[in-house]
Amino acid sequence: MKDIFERINESSGGPIGQYREKIDGYFAFPKLEGELGPHMRFNGKEVLCWSLNNYLGLANHPEIRRVDAEAAARWGMAYPMGSRMMTGQTALHEKLERELADFEKKEAAFEFNFGYQGIFSTIDSLVNRHDVIVYDAEAHACLLDGMRLHIGTRIKFKHNDIVDCEKVMAKACALAEKQGGGVLLITEGVFGMTGALGILDKIAALKKKYPFRILIDDAHGFGVMGPNGRGTSEHFGVMDDIDIYIGAYAKSMATIGGFVATQKSIVNYLRYNMRSQMYAKSLPMPIVEGCLKRLEIIRSAEGDALRAHLWEVTRYLQKGFRDLGYEIGPAEACVTPVHLYCGINQASNIAMDLRENYNIFCSIVMYPVIPPGMLIFRIIPTAAHSIEDVDRTLAAFRDIKEKLAQGAYDKDIPDMALIK
């Protein structure tokens, strides 16, 4: 027998934790300070920040700030107390759900107190041991955690590969029929690390041949993708084919929570079976009231203008990286991953050079957040960024490319204590 603490203390710390002493407080758990937006403070200086999922710039929108402040003063952060089922139900929660359902053109919606928990609890509630889950190989961690709760069969298909998807679907449907169950296909609208779009149109077309339901996690698509911001399903014109739509408040709405939208009967089932919502506190009223205002803006002409500027910045940024010879993959959405063919030490030194000498803050992403063998600088444009911000960033990466070729970043990672 071995004590749990003893085992943990003797371990390497895990895939990321093994680097803790070198990265803590700088590359991991960094402290960005000041007003949320493109220009913040890090390590004692102002930096141009490309690491916030504040797609529409609503985090510091003056009307949003006003509504949030007035709602907090009116309600406090405690009301309502308890879970939705017990004492946490309010008319405003119901109003937000009606408006979300209307926006997503679904019969009903149910909001989550926290997006990650809501997503894996939705999956857990929907399937039983007779059902088969089919999923994209690069599905987000919240989806994988939900699928791990499934005691039945789950089969992955190659990322965004419709040929492999159909092969897996045929196998899954045959197995489900034998077991007396159904098939749930799970994928993402936007893959948040690569900026690739899920192949929703091609997957939806498979419904003509196979009986299955589609669930998408559209955290990075809600409010951003599609002509009206309804998400990636609107972008592809397959809103009616997506059976279960899951959106997050943490990206385009810049706050906490999320929702699921689907048939009314399924929403009613989820309300009484989602353990993460039945046994956890309801969203505080200021967040609910603030989300109503955020959704109002997303649906307005101002929301259209914010999306238009976001895409102007995004396309200019992505074209600039490609013109410099950087690989950014498909990058069809706003997330822009800059791939570098170098080791973790070199990448860390590049990040330090960006932060300390160019005053530009962006994040390094590596395994296990993304598949092994990949290393990216993740750039997240927002409606709050300017074209001038992009020009400054592209100029810095032009220099970095030259320095990398000259071996300027080959030294070991410096002692973090020297720059804290």
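Lys-293 is buried, at 16% relative accessible area; buried means under 20% relative accessible area, exposed over 50% and partly exposed in between, with a 1.4 Å probe and protein chains only. The model is predicted, so local features need pLDDT of at least 70 and side-chain atom pairs count only at pLDDT 80 or more, whereas totals for chains, interfaces and linings use all residues. Residues are numbered from 1 along each chain as its sequence is written, and side-chain values use heavy atoms, with hydrogens and water left out.

Lys-293 forms a salt bridge with Glu-63, with 3.6 Å between the closest N and O atoms. A salt bridge here is a side-chain nitrogen of Lys or Arg within 4 Å of a carboxyl oxygen of Asp or Glu. This pair links distant parts of the chain, since Glu-63 belongs to helix H4 and Lys-293 to helix H13, 230 residues apart. Helices (H or I, at least four residues) and strands (E, at least two) are DSSP runs, numbered from the N terminus.

Glu-63 also forms a salt bridge with Arg-66, where the closest N and O atoms are 2.4 Å apart. Arg-66 and Glu-63 are separated by about one helical turn because they are 3 residues apart in helix H4 (residues 62–75). Glu-63 is partly exposed at 26% relative accessibility, and Arg-66 is partly exposed at 37%.

## Other salt bridges

The structure holds 19 salt bridges. One of them joins the side chains of Lys-403 and Asp-353, at 2.9 Å from N to O. Lys-403 lies in helix H16 (residues 387–405) and Asp-353 in helix H15 (residues 344–357), so this pair ties together parts that are 50 residues apart in sequence. Asp-353 is buried, with 7% relative accessibility, while Lys-403 is partly exposed, with a relative accessible area of 25%. Elsewhere, salt bridges that share partners join Glu-63, Arg-66, Glu-70, Lys-293 and Glu-296 into one network.

## Nonpolar cores

The largest nonpolar core has 58 residues, and Val-183, Leu-185 and Phe-212 have the most contacts inside it. Such a core is a set of buried Ala, Val, Leu, Ile, Met, Phe, Trp, Tyr and Cys residues joined through side-chain atoms within 4.5 Å. Helix H13 (residues 285–298) supplies the largest share of this core, 7 residues. Another core, of 37 residues, lies apart from it and includes Ile-23, Ile-328, Ile-350 and Phe-361.

Leaving aside neighbours within four places in sequence, Phe-212 is in contact with Met-169, Val-183, Leu-185, Ile-203, Leu-206, Lys-207 and Asp-243. Contact means heavy atoms within 4.5 Å.

## The seven-stranded sheet

An open sheet of 7 strands has mixed pairing and the order S3-S9-S8-S7-S6-S4-S5. Strand S3 (108–112) and strand S5 (153–157) stand at the edges with a single partner strand each, so one side of each is left without a neighbour in the sheet. From one strand to the next, the twist averages 20°.

Strands S4 (residues 132–136) and S6 (residues 183–188) pair in the parallel sense over 4 bridges; two strands pair if DSSP finds at least two bridges between them. Tyr-135 stands opposite Ile-186 in S6. Helix H8 (residues 162–179) packs on the sheet and touches S4, S5 and S6, and its direction makes about 170° with that of S5. Axes are lines fitted to C-alpha atoms, for helices over the stretch in contact, and angles run from 0 to 180 degrees between N-to-C directions.
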